[in-house]
Amino acid sequence: MIGIDPYAALDVRRRINAAGALTRLGGAIMAPEVVEAMSAASRASVDIGELQDAASRRIAEATGAEAGMVTTGAAAALTLAAAAAIARWDVAKMAALPHADGFPRDILVPRTQRTGYAHALAASGARLVDIGHNDRGTGAGVRGLEAWEIETALSPSVVAVFFSVNATSLADLPTAASVCKAQGIPLIIDAAAQLPPKENLRRFISMGADLVAFSGGKALGGPQASGILAGRRDLVASALLQQLDMDVAPDTWTPPRLVDRANLRGVPHHGIGRGFKAGKEEIVGLLTALDRFIAADDGAANAALQTRLEAIAASLNGFDVTLVPAARTGRVPVLEIAVRDALALSARLQKGDPPVHLSERHAARGVLTLDPQVLLPEHDAPLAAALRAGLQSG
C-alpha cells in the first residue's frame with residue numbers, strides 16, 4: 001500500500017549513511033526520475049537483447065567505447081569480462097565455463113592491483129597469475145609496474161591482463177595498456193568506484209582499456225544491482241551472450257545486433273552470467289541515471305556538499321576535524337575526523353539510535369571519514385549531534 005514504510009513493516013532500522021555509496025548500506029539514493037523510469041519499464045514486455053542493444057548505443061556515447069552493456073553490478077561485469085576474454089565467440093567454451101582447465105584461461109594480475117574483488121574474475125573459471133612487485137604498497141621501494149614484468153609472464157595460456165585503477169595505480173596504466181596493445185591481449189579495468197569525476201567514463205577507454213567495469217549503484221545513482229561493462233564490441237558481445245536467457249529455439253532466435261551470428265558455430269546455451277541477468281527495470285533505471293550523471297554540474301554539486309560539510313564541521317568545534325575539498329579527493333569533498341580509537345568510535349556510532357556509519361577506509365591511521373555522497377540533507381543535524389556525543393564520550 002502507498003504510504004507504508006517498507007522498512008518499518010519489516011522491523012529494519014533506517015541508518016544515517018555518511019560512509020559513501022557502499023553496497024552493504026544499499027548504495028546510492030535514487031532520484032525520483034530514476035525510480036519513475038524503472039516503474040514505467042516494469043509495465044511492459046520487451047526483448048532484453050534488443051534493450052541491451054539500445055543500452056550499448058547509449059553507453060558507447062557516454063564512454064567512447066565501441067559497445068557496452070548493463071550488468072548487475074561491477075563485480076558481475078568483471079566475471080563477464082573474464083568469461084568473454086576466455087571464450088570469445090567459442091560456444092563450446094561458453095558451455096564449459098567455469099570449468100576451463102582444457103583451454104587458455106590465465107589472467108595476469110599485477111600485485112599492486114590484487115584486491116578482494118579479483119575473486120569476481122576467478123568466478124568465471126579464470127586462473128589468476130600474480131606478476132610484478134608491490135614495493136609502493138608496502139613502502140619497500142618506489143617502483144611500480146614495468147613492461148618487462150608483463151611481457152615475461154605472457155604465454156599462450158594468457159587471455160587477459162587485469163588492472164584495478166585508482167589515483168595511485170593510474171600512473172602504471174599506460175604501461176599496461178601499451179604492452180597489451182602490442183601483444184594483442186585484452187586489458188580489463190576495474191573502475192567500479194572511479195566516478196566521479198564524470199571524465200573517468202571516457203578516460204580509461206581512451207587510455208587503451210579493452211573492457212571497463214563501472215558500478216551503477218554508487219555515484220551514477222542507478223539501481224544498486226546495476227553496473228556497466230564497456231569496451232570492445234566483440235568482447236562485450238561475448239559477455240552479453242553469456243548473460244542472456246538462451247532457452248531459445250535456434251531456428252527462431254534473433255540475436256542482438258551486437259552479435260554477428262556468422263562468428264558462432266552454433267547457438268550457445270545459458271552461460272556463466274545467467275545468474276547475473278539484468279532486468280528491464282535495472283537497464284532502464286541505469287540508463288536514466290547515466291543521463292542524469294552526465295548532465296549534472298559537478299562543480300555546483302560539490303560546492304553544495306562542501307557548504308553542508310562546513311556546517312557540520314562548525315558544530316564539531318574543538319575536535320580534530322579537517323575538510324578535504326573535492327579538488328584534493330578527486331571525487332567529492334569529505335570531512336576527516338581524527339580520533340584516538342577510530343574503530344571503537346565507529347562501532348559505538350553504529351550501535352546508536354539511529355545507527356550512524358562513517359567510512360573506515362583510513363581507520364588504521366586514526367581517521368574516520370565523513371563521505372557525503374549519499375547523505376540526505378535531513379540527516380545533517382542528527383549526524384552532527386551523534387558525532388559530537390560520540391567524540392565527547394570517547
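Helix H12 has these buried residues: Ile283, Gly285, Leu286, Leu287, Thr288, Ala289, Leu290 and Phe293. The model is predicted. H12 covers residues 280-295, which is 16 residues. From its first C-alpha to its last, the helix reaches 23 Å. That is close to the 22 Å expected at 1.5 Å a residue.

What do the buried residues of H12 pack against? Three of the partners are helices: H2 (32-41), H3 (48-63) and H10 (200-206). Strand E2 (67-71) and strand E8 (227-231) are partners too.

**A covered strand**

Now turn to strand E3, residues 106-110. Five of its five residues are buried. Asp106, Leu108 and Pro110 lie on one side, and Ile107 and Val109 on the other. Both faces are covered.

E3 has strand partners. It runs parallel to strand E4 (residues 127-131), and five bridges join the two. Asp106 stands opposite Arg127 in E4. E3 also pairs with strand E5 (residues 158-164), again in the parallel sense, over three bridges. There, Ile107 has Ala160 in E5 as its bridge partner.

**Salt bridges**

The model has 16 salt bridges. The table lists some of them.

| Pair | N to O distance |
|---|---|
| Arg14 and Asp5 | 3.1 Å |
| Glu146 and Arg143 | 2.5 Å |
| Arg232 and Asp234 | 2.8 Å |

How open are these residues? Arg14 counts as exposed because its relative accessibility is 52%. Glu146 is partly exposed at 23%, and Arg143 is partly exposed at 49%. Arg232 is partly exposed, with a relative accessible area of 22%. Asp234 is partly exposed as well, at 25%. Salt bridges with shared partners join Asp210, Arg232 and Asp234 into one network.

**A surface patch and a buried aspartate**

Which residues make the nonpolar surface patch of about 310 Å²? They are Tyr7, Leu10 and Val12. Val12 sits in the loop between helix H1 (6-9) and strand E1 (16-18). Val12 has 44% relative accessibility, so it counts as partly exposed.

Is Asp380 buried or exposed? Asp380 is buried, because its relative accessible area is 13% and the cut-off for buried is under 20%. This residue is found in helix H16 (residues 380-393). Leaving aside neighbours within four places in sequence, Asp380 is in contact with Arg308, Ile312 and Leu375.

Note on methods:
Residues are numbered from 1 along each chain as its sequence is written. This is a predicted model: local features need pLDDT of at least 70, side-chain atom pairs count only at pLDDT 80 or more; totals for chains, interfaces and linings use all residues. Side-chain values use heavy atoms; hydrogens and water are left out. Helices (H or I, at least four residues) and strands (E, at least two) are DSSP runs, numbered from the N terminus. Buried means under 20% relative accessible area, exposed over 50%, partly exposed in between (1.4 Å probe, protein chains only). Contact means heavy atoms within 4.5 Å. Patches are made of residues with over 30% relative accessible area and no salt bridge: like charges are joined within 9 Å, nonpolar side chains (Val, Leu, Ile, Met, Phe, Trp, Tyr) within 5 Å. Accessible areas come from the Shrake-Rupley method with a 1.4 Å probe; for residues, only the protein chains shown count as cover. A salt bridge is a side-chain nitrogen of Lys or Arg within 4 Å of a carboxyl oxygen of Asp or Glu. Two strands pair if DSSP finds at least two bridges between them. The expected span of a helix is 1.5 Å times one less than its number of residues.
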